[in-house]
Amino acid sequence: MPRHTAPYRADIVGSFLRPDSIKHARQQFAEGAIDAQTLRAVEDEAILHVVQHQCDCGLNVVTDGEFRRAWWHFDFFDGLQGVERYDSDKGIQFNGVQTKAHGVRVTGKLGFGSHPMLDDFRYLKSISGDAQPKMTIPSPSVLHFRGGRKDIDATVYPDLAEYFDDLATTWRDAIRAFYDAGCRYLQLDDTVWAYLCSDEQRQQVRERGDDPDELAKTYARVLNNALEGKPDDLTIGLHVCRGNFRSTWISSGGYEPVAEVLFGSVNVDAFFLEYDNDRSGDFAPLRFVRPGHQQVVLGLITTKNGELENPEGVKARLAEAAQYVAKEQVCLSPQCGFASTEEGNSLTEAQQWQKVRLVTEIAADVW
């Protein structure tokens, strides 16, 4: 049956390819040719158009395409109290390519404060019309996982237990602040759970002195603490991503290593899961999803390239997933955003919108 509340049978992850107008304006701003107000006006116009495109494709949910960001996560971290961005020795290593060399470290007590992205959401809400505006932010575990202990000032947090408490509190405050700004659909983007499914990434975690299974339990606890007191009319989804930079990826492996902890204990309303290729494994881990209101949004449409999937093949995979989790708990989306960083993936804007239309058409047929 159709769903008239989030997540929707046809949903999206968040980011879209940056139009030339934004690329040009950002370059002008970097060179000092225009000011921040002029840049924001260009962004406003582009976001207005991307919202209309989403509606034209038949979506009931819209995002701002993350058009004001260069990164899906660093830009959010920049606005937190106690967090500092720095130029690292090297970028994040994807399959055959590295990102720009940036990192973040915790140099003071964590706090949400008056975050600039609250105004970003308010603008999206003001132009969303009948569609539901969705805000996307990184998950709290992302702030810890990449650097671990070495990127947390030991004089500020000598005991990591206090750090994880503050991490949860910061995100709890963020959830409340976005709710107070009018947000009723919030998505937490999280690469960490997929890394904990990868044999290679799990070994790297061990080599730095951490236990990947214990980290999973810690991250689940932080998420649930952050979700305490969540208003009933706020939907929160968790997007599990294996890496998305210029159509490349980081981790491989099915969800089995984390399935019982993730699906069996994390109290989000929806899991957005990548299932667009063999690296994602099979649907068997979905057996741990608890019966009830929790939804599983299957990312069966890849954003890594412009080739359109066979609708009948996607429908067959939806039916296969329904062997492990009730059909009424299943939705459909692209596997990730189309541009998790400003560089974007290797497809055209026309192909991007064909993918989104495919999601809505298949969902209409199935549900």
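Predicted model: local features only at pLDDT ≥ 70, side-chain atom pairs only at ≥ 80, totals over all residues.
Start with the second largest pocket, which has a volume of about 290 Å³. Its lining is made up of 14 residues, and Arg26, Arg40, Glu43, Arg68 and Asp120 are the ones nearest the centre. Helix 2 puts in the largest share, with four residues.

## Aromatic pairs and a cluster

Across the whole structure, a search turns up 15 aromatic pairs. One of them joins Tyr163 and Phe164 edge-to-face, at 5.3 Å centre to centre and with 65 degrees between the planes. Tyr163 has a relative accessible area of 0% and Phe164 has 13%; both fall under 20%, so they count as buried.

Tyr275 and Phe283 make a tilted pair, with 4.5 Å between centres and 45 degrees between planes. These two are buried as well: Tyr275 is at 0% relative accessibility, and Phe283 has a relative accessible area of 1%.

There's also an aromatic cluster, formed by Phe76, Phe77, Phe112, Trp171 and Phe178.

## Charges over rings

Two arginines are worth a look here. Arg184 has its charged end over the ring of Tyr179, 3.6 Å from the centre. Arg105, for its part, lies over the face of Tyr86, at 4.2 Å from the ring centre.

Notes: Residues numbered from 1 in each chain as written. Heavy atoms only, no water. 1 Å grid on protein atoms, 1.4 Å probe; cavity = no way out; pocket = protein on both sides within 12 Å on 5 of 7 lines; lining within 4 Å. Points joined across faces, edges and corners; volume = space filled by probe spheres on them. Helix = DSSP H or I, 4+ residues; strand = E, 2+ residues; numbered from the N terminus. Phe/Tyr/Trp six-rings, centres within 6.5 Å; stacked < 30°, edge-to-face > 60°. Buried < 20%, exposed > 50% of the residue type's maximum accessible area, 1.4 Å probe, protein only. Lys NZ or Arg CZ within 6 Å of the ring centre and 35° of its normal.
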